[in-house]
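Please keep the sequence and the 3D view at hand while reading.

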Amino acid sequence: MIDYTMDQAYKLGTYMAIADMMRREIRNHDAAQKADDEFMADWAVRNLRSLADQLDAAEEKMKKEVDTIA
């Protein structure tokens, strides 16, 4: 039971961290658009794409861990 709880806490922490970073970049993007700062808006979108890639990688890693255990 402890292993399951630790695994769920790890997954939740991963999702929460990535979601928090995505939220920050969305806010940065909105602020850049409002300020008409094309460079910073583009930078925020690039960061969002990178975070999406990180989320994909984390999900793939977690899926492999589940497949290995099962």
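**Briefing: burial, salt bridges and surface**

E25 is buried, with a relative accessible area of 8%. The model is predicted, and E25 belongs to helix α1.

- Leaving aside neighbours within four places in sequence, E25 is in contact with A44, N47, L48 and L51.
- E25 counts as buried because its relative accessible area is 8%, and the limit for buried is under 20%.
- T14 also lies in helix α1, which covers residues 2–34.
- The relative accessible area of T14 is 18%, so T14 is classed as buried.
- T14 touches A58 and M62, when residues up to four places away in sequence are not counted.

**Salt bridges**

- K11 and D7 are four residues apart in helix α1, so about one helical turn separates them.
- Is K11 buried or exposed? K11 is buried, because its relative accessible area is 15%.
- D20 and R23 form another salt bridge through their side chains, at 2.7 Å from N to O.
- D20 and R23 are three residues apart in helix α1, which means that about one helical turn lies between them.
- D20 has a relative accessible area of 36% and is partly exposed; R23, at 47%, is also partly exposed.
- In a further salt bridge, the side chains of D42 and R46 meet at 2.9 Å, N to O.
- D42 and R46 sit in helix α2 (residues 38–69), four residues apart, so they too are separated by about one helical turn.
- D42 is partly exposed, with 34% relative accessibility.

**Surface patches**

- Which residues form the nonpolar patch on the surface? They are F39, M40 and W43, and together they have about 350 Å² of accessible area.
- F39, one of the three, is part of helix α2.
- F39 is exposed because its relative accessible area is 58%, where exposed means over 50%.
- D53, D56, E59 and E60 make up a negative surface patch.
- Among them, E59 is located in helix α2.
- E59 is partly exposed, at 36% relative accessibility.

**The loop between the helices**

- D36 lies in the loop between α1 and α2.
- D36 is not a glycine, yet its phi is positive, at about 60°.
- Most residues other than glycine have a negative phi.
- Is D36 buried or exposed? D36 counts as exposed, because its relative accessibility is 70%.

**Spacing in sequence and in space**

- K34 belongs to helix α1.
- With a relative accessibility of 79%, K34 counts as exposed.
- From K34 to M22 there are twelve residues in sequence and 18 Å in space, C-alpha to C-alpha.
- Q8 is another residue of helix α1.
- Q8 is partly exposed, with 33% relative accessibility.
- Q8 and Q54 are 46 residues apart in sequence, and their C-alpha atoms are 18 Å apart in space.

Conventions:
Residues are numbered from 1 along each chain as its sequence is written. This is a predicted model: local features need pLDDT of at least 70, side-chain atom pairs count only at pLDDT 80 or more; totals for chains, interfaces and linings use all residues. Side-chain values use heavy atoms; hydrogens and water are left out. Helices (H or I, at least four residues) and strands (E, at least two) are DSSP runs, numbered from the N terminus. Buried means under 20% relative accessible area, exposed over 50%, partly exposed in between (1.4 Å probe, protein chains only). Contact means heavy atoms within 4.5 Å. A salt bridge is a side-chain nitrogen of Lys or Arg within 4 Å of a carboxyl oxygen of Asp or Glu. Patches are made of residues with over 30% relative accessible area and no salt bridge: like charges are joined within 9 Å, nonpolar side chains (Val, Leu, Ile, Met, Phe, Trp, Tyr) within 5 Å. Accessible areas come from the Shrake-Rupley method with a 1.4 Å probe; for residues, only the protein chains shown count as cover. Lys and Arg count as positive and Asp and Glu as negative; His and the chain ends are not counted. The place of a charge is taken as NZ of Lys, CZ of Arg, CG of Asp or CD of Glu.
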